[in-house]
Number of protein chains: 2
Amino acid sequence: MLYDSIIIGTGPAGVSAALNLKILDKNFLWFGSGASSKKVEAAELIRNYPGLPDISGVELSSALVSHAKSMGIEPRHEIVTAIYDLGGRYAVTAGTDTFESKTIILCTGVTTAKPIGGEEQFLGRGVSYCATCDGFLYKGKTIGVILFDKAFEHEAEYLASLAGKVYLMPMYKGCGVSSENIEVVMKMPKEIAGGMKVQKLIFADGEREVDGVFILRSSVSPSILLRGLNTDGGHIVVDRQCRTNLAGVFAAGDCTGRPYQYAKSVGEGNVAAHAAVDYLAEHRE
Amino acid sequence: MLYDSIIIGTGPAGVSAALNLKILDKNFLWFGSGASSKKVEAAELIRNYPGLPDISGVELSSALVSHAKSMGIEPRHEIVTAIYDLGGRYAVTAGTDTFESKTIILCTGVTTAKPIGGEEQFLGRGVSYCATCDGFLYKGKTIGVILFDKAFEHEAEYLASLAGKVYLMPMYKGCGVSSENIEVVMKMPKEIAGGMKVQKLIFADGEREVDGVFILRSSVSPSILLRGLNTDGGHIVVDRQCRTNLAGVFAAGDCTGRPYQYAKSVGEGNVAAHAAVDYLAEHRE
């Protein structure tokens, strides 16, 4: 099955893009954590979302989610770990499945976390973003698990149930994962190193030998997600139609740069969806 | 008094820009017809304004207007007829007054009406957009009045009370203006012609001698409003920050081009306001 479009991200930009693709009767998939976005939900008071004066982030988030639901659209919760350019179409890996689409709309927000040294270099050669997808490769082996969010603790537990030994690096307080084969390391590795494949984690004060590293965070930097995508200072470069440098790939919202504003995000989600639909019309077979 | 910014237009882009300038505590004026926009109000059902599912144009318009009111901001209803670049600041003529501002945010929507032949050439030399401003110049004289909207009938009546003879060209049905010195001409002139000043209106089937022509419509084409503004196919050319080619002049909403969408307009209004504030910070004296 070849989809018209795949939207990645459920923040305001993703919701806006999804509403428009639905209205324009396109065959699309929508991936994201679901409840709009954590960043929106954390907002105490939003005064400048036109038409909804003085609302909380939770209220805006809920208004966006219920708007989408009212039109019968709900996101899939698998995390997208890679997008491959197949020439004229794209393959999107999410969880253990791969989906093909003519267009991609990236609404991935901003990743404040910088990639870890070696992360990009060893991706697919010992670095993985997905426990469900690649966990079985490390049965009985030694792995590092860098955990950015409580939401991924069950993935860390799953990995611990397979691996021989786990170095667990939680990047937040109050991590609840424990198992006899887990050694908690309360710091970030400086670098992931190795030869053809990952061999070790280098810390400021020493090293740990590992066969693989799982980096579990909700957003992957866009240039890692999709090779060849033009970025500038961590933002995806787009034109006024929200087109990226890759044909058929569009981006909207915070991932395209400042100002980080809900109104800007919904505007760009709308523009990106219309640009994708224009692209589909131009490339009809 | 030198304002930080003047916003022109009360559609979704103008409302969004105004909300942000208010929050950012800028000293600004806001001009427009008031009730959001006629175009918004005419929309039967809007399904893709994120967060407000299935609303009518009247409801969206009222939500936008009341959002602005709740923050203590209301537009002035004078029609802006000209903007002059004074080098580092701009003079805005609205009604009979002139206001100066460091920045301008154009949210003027799209004008479907093409300029009339000679309109731009004779502007200020017999062509006027404002009865209140220039009517007294034509006491006892012969003028043409091209009327695009019922809202301007009182201006046409005012002109008839001053002029010796009026050729009235209403561009809509059911025009209610009448006076002994009015001759209704039910067609559009092909051209406004003259030498140093306007001398006649040329129709497909003949001419009428006039001393001046009043063109009464709610929106003036942006390139006529502000000389030197870069436009393309009737749209104002802007970059990703909604900056035009003129320093300190920004544009947002339908006037910057397709898609003509409410979400895009509020997004651009937000971006333009932030870009104007950045510009003010960079040009602080």
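How many salt bridges are there between chain A and chain B? The count is 2 salt bridges, and one of them can be described atom by atom below. Please keep in mind that this is a predicted model.

**Where the chains meet**

The size of an interface is often given as the accessible area lost when the parts come together. Here the area buried between chain A and chain B is about 2,700 Å², and carbon and sulfur atoms give 59% of that area. Chain A brings 33 residues to the contact, and chain B brings 33 residues too. Among the salt bridges is the pair formed by B:E268 and A:R240, whose closest N and O atoms are 2.9 Å apart.

**A helix pair in chain A**

Two packed helices are described by the angle between their axes and the distance between the axes. In chain A, helix α1 (residues 12-23) packs with helix α7 (residues 262-282) at an angle of about 35°, and their axes lie 7 Å apart. The crossing of α1(A) and α7(A) is right-handed.

Which residues of α1(A) take part in meeting α7(A)? They are A:P12, A:A13, A:S16, A:A17, A:N20 and A:L21. Facing them in α7(A) are A:Y262, A:S265, A:V266, A:G269, A:N270, A:A273, A:H274 and A:V277. Sorted by class, this contact of α1(A) with α7(A) holds 8 nonpolar and 6 polar residues, with no charged ones.

**Backbone points to check**

Some loop residues deserve a look when you inspect torsions. The peptide bond from A:R258 to A:P259 is cis, and A:P259 sits in the loop between β16 (249-251) and α7 of chain A. In chain B, a cis peptide bond joins B:R258 and B:P259, with B:P259 in the loop between β16 (249-251) and α7 (262-282).

Positive phi values turn up in residues other than glycine as well: A:C242 is one of them, and B:D54 is another that is not a glycine. The torsions are gathered here:

| Site | Torsion and value |
|---|---|
| A:R258 to A:P259 | omega near -5° |
| B:R258 to B:P259 | omega about -5° |
| A:C242 | phi near 65° |
| B:D54 | phi about 45° |

A:C242 lies in the loop between β15 (235-236) and β16 of chain A. Is A:C242 buried or exposed? At 1% relative accessibility, A:C242 counts as buried, because buried means under 20% relative accessible area. B:D54 belongs to the loop between α2 (38-41) and α3 (57-70) of chain B. With a relative accessible area of 47%, B:D54 is partly exposed.

Note on methods
Residues are numbered from 1 along each chain as its sequence is written. Chains are lettered from A and ligands numbered from 1 in the order in which they are written. This is a predicted model: local features need pLDDT of at least 70, side-chain atom pairs count only at pLDDT 80 or more; totals for chains, interfaces and linings use all residues. Side-chain values use heavy atoms; hydrogens and water are left out. Axes are lines fitted to C-alpha atoms, for helices over the stretch in contact, and angles run from 0 to 180 degrees between N-to-C directions. Helices (H or I, at least four residues) and strands (E, at least two) are DSSP runs, numbered from the N terminus. A crossing is left-handed if the near helix is turned anticlockwise from the far one by less than a right angle, and right-handed if clockwise. Contact means heavy atoms within 4.5 Å. Ala, Val, Leu, Ile, Met, Phe, Trp, Tyr, Cys and Pro count as nonpolar, Asp, Glu, Lys and Arg as charged, and the others, Gly among them, as polar. Buried means under 20% relative accessible area, exposed over 50%, partly exposed in between (1.4 Å probe, protein chains only). Buried area is the accessible area (1.4 Å probe) that two parts lose on being put together, summed over both. A salt bridge is a side-chain nitrogen of Lys or Arg within 4 Å of a carboxyl oxygen of Asp or Glu.
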